[in-house]
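Me: I'd like to learn how to read the features of a protein model. Could you walk me through one?

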Amino acid sequence: MQTFREHRWQSFLQNYEDRARLLISCPDKPGIVAAVTSFLYEQGANIVESSQYSTDPEGGTFFLRIEFDCPNIAARKQEIESAFRPIAESFHMNWRLRLHNDVKRIAIFVSKAEHCLLELLWQWQAGELIADIALVISNHEYLKSTVESVGIPYFYIPVTKETKAEAEQKQIQLLKQYNVDTIVLARYMQILSPSFVAEFPGRIINIHHSFLPAFVGARPYERAYERGVKLIGATSHYVTDDLDEGPIIEQDVARVDHRHHPDDLKRMGRIIEKTVLARALKWHLEDRVIIHENKTIVFY
């Protein structure tokens, strides 16, 4: 008997078999939208969603995300890419064409805190998170039964200062073995090495339990309490070599006051963290995020 998730999954694949997304960034100049939309029209495509932004119409950078339906797009993808290449070159575009049904494979890294992982698993089971969760990797065994109960492989790889390099090599091997596209750090309480980050540029999403750039690093709730803040928050961002300094995808906050102690802040923060991470991951999976320098353009 089909599960609800399997039913939603099959419906998704059937409903969007002819849909694709085109993401573009390039120097701004007149004629970009006209050239792209005319090209899609010539290919028999029907545009269903279009978003654009320019940092400055006079010499800035232009960003464009278009979703379109095109008959037999899966079989024609390479042909359409080849035909579009001269247009892309003429406008000096960075671009990619992705099939709507080319569902990303993700790996979730987690330590002991379970709230972000459980939110992602719940949304995945409910058919709200359109992704293939290939595996979960943890430096603790604490959540093994939770993950395996929904049929997802769980790999326990302990990490110490002495074994960190060896542990990361095991992780990288698993990620390549499972053909992972995106890595989600769901409160994984380890700092990734520069060599690990270099393997997956723009493909590692973290949730940090503070409203960055405030309280970078460890113990942000305790530090927020000591500082007497009136707002706490959480930040989801892409991981770079600079700790908690990567391009921000999504943030949210909650109001607090002098009556809230660190445990209260943590309890409230868990709700914000899991919500912010889920939103950021969804936008990434739907190709709604374009990284520009150390910022992101997010077409909601």
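Predicted model: local features only at pLDDT ≥ 70, side-chain atom pairs only at ≥ 80, totals over all residues.

Me: How many Å separate the centres of domain 1 and domain 2?

Reply: Residues are numbered from 1 along each chain as its sequence is written, and side-chain values use heavy atoms, without hydrogens and water. Domain bounds come from an automatic or database domain assignment; here they give domain 1 (2-97) and domain 2 (103-296). Taken over C-alpha atoms, their centres lie 29 Å apart. Domain 1 brings 17 residues to the contact and domain 2 brings 16 (contact: heavy atoms within 4.5 Å).

Me: What is the area buried between domain 1 and domain 2?

Reply: Buried area is the accessible area (1.4 Å probe) that two parts lose on being put together, summed over both. For these domains that comes to about 1,400 Å², with carbon and sulfur atoms giving 58%.

Me: How many salt bridges cross the interface of domain 1 and domain 2?

Reply: A salt bridge is a side-chain nitrogen of Lys or Arg within 4 Å of a carboxyl oxygen of Asp or Glu. The rule finds three across this interface. Elsewhere in our tour, Arg 21 pairs with Asp 287 in a salt bridge, with 2.8 Å between the closest N and O atoms.

Me: Why does Phe 211 count as partly exposed?

Reply: Buried means under 20% relative accessible area, exposed over 50%, and partly exposed in between (1.4 Å probe, protein chains only). Phe 211 has 38% relative accessibility, so it counts as partly exposed.
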